[in-house]
Amino acid sequence: MKENSVYDCHIIPLNKIHNRAGNITVIEGNNNIPFEVRRIYYLYDIPAGASRGGHAHYDLYQLIVAAGGSFNVLLDDGENKKIISLNRPDFGLLIVPGIWRELFEFSSGSVSMVLASHKYDEEDYIRDYMDFKQLKLK
Ligand code: TYD
């Protein structure tokens, strides 16, 4: 997690099966994304101006998809920062372990779907930015 940088995080184009009645996008763990999916959660009903995240993880891989609407993701490895705009349900943002992230500028009615490599574990969170910086320096 220490050596991972924002450049290890990238957009993964997903498939889109299109027909007259709409689209389907399929995500299969260890197939079109590089980890097995053990948990899915989604953020919705996000009030205007709110931001989410504001933490890093020791071991967790995540894929964030704008299942509806749009929002921005700030990635920070302690040295470099990158802002990614998500606005399509057929693209996912891979976030590797050891990256501080903040989600912000959610459009009204947006849905942020997150696929995660592990079940929820508070011990895997780094919630203090100064602690995060220290860990990345060691
Ligand atoms: P948190 O990860 O801090 O939210 P975000 O990164 O979106 O701002 O989680 C918010 C609350 O939800 C916190 O009390 C922990 C709880 N939670 C779970 O119980 N299970 C989960 O899988 C997640 C992601 C959060």
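Predicted model: local features only at pLDDT ≥ 70, side-chain atom pairs only at ≥ 80, totals over all residues.
**The ligand site**

Nine positions are listed around the ligand: R39, Y41, L43, R52, G53, H55, Y120, Y125 and R127. Sorted by class, this shell holds four nonpolar, two polar and three charged residues.

| Residue | Part of the residue | Distance to a ligand oxygen atom |
|---|---|---|
| R52 | side-chain N or O atom | 3.0 Å |
| H55 | side-chain N or O atom | 2.7 Å |
| Y125 | polar side-chain atom | 2.7 Å |

The ligand, taken alone, exposes 530 Å², and the protein buries 61% of that area. Two elements, β4 (39–43) and β5 (52–57), each supply two or more residues to the shell.

**The five-stranded sheet**

Strand β5 also belongs to an open sheet of five strands, whose order is β8-β7-β10-β5-β12 and whose pairing is antiparallel. The edges of this sheet are formed by β8 (81–86) and β12 (125–126), each of which pairs on one side only.

Strand β7 comprises residues 71–76 and is joined to β8 by six bridges, the two strands running antiparallel. Within this pairing, F71 stands opposite L86, and L74 has I83 as its bridge partner. The two strands form a hairpin with four residues between them, and G78 in the turn has a positive phi of about 95°.

Strand β7 is also joined to β10 (residues 100–104), by five bridges and again in antiparallel fashion. In this pairing N72 is the bridge partner of F104.

How much of β7 is buried? Six of its six residues are buried, so the strand is largely enclosed by the rest of the structure. The side chains of F71, V73 and L75 point one way from the strand, whereas N72, L74 and D76 point the other way; all of them are buried.

**D76 in strand β7**

Residue D76 is found in strand β7 and has a relative accessibility of 3%. Because the limit for a buried residue is under 20%, D76 counts as buried.

The side chain of D76 takes part in polar contacts with two partners. One is the side chain of Y129, at 2.5 Å. The other is the backbone nitrogen of G78, which lies 2.7 Å from a polar atom of the D76 side chain.

Beyond residues up to four places away in sequence, D76 touches V6, K81, I99, W100, Y129 and F132. For comparison of sequence and space, D76 and D128 are 52 residues apart along the chain, and their C-alpha atoms are 13 Å apart.

**Q62 in strand β6**

Residue Q62 is found in strand β6 (residues 62–68). At 1% relative accessibility, Q62 counts as buried.

Apart from neighbours within four places in sequence, Q62 is in contact with F35, Y41, H57, L93, L94, I95, R101, V114, L115 and A116.

**D90 in a loop**

Residue D90 is found in the loop between β8 and β9 (91–95). The side chains of D90 and R88 are joined by a polar contact of 2.9 Å.

When neighbours within four places in sequence are set aside, the contacts of D90 are I12, P13, L14, N15, K16 and T25.

Conventions: Residues numbered from 1 in each chain as written. Heavy atoms only, no water. Near = heavy atom within 4 Å. Polar contact = N/O pair within 3.5 Å; in protein donor to acceptor, adjacent residues only side chain to side chain. Areas by Shrake-Rupley, 256 points an atom, 1.4 Å probe, with all protein chains shown as cover. Nonpolar A, V, L, I, M, F, W, Y, C, P; charged D, E, K, R; others polar. Pairing = 2+ DSSP bridges. Contact = heavy atoms within 4.5 Å. Buried < 20%, exposed > 50% of the residue type's maximum accessible area, 1.4 Å probe, protein only.
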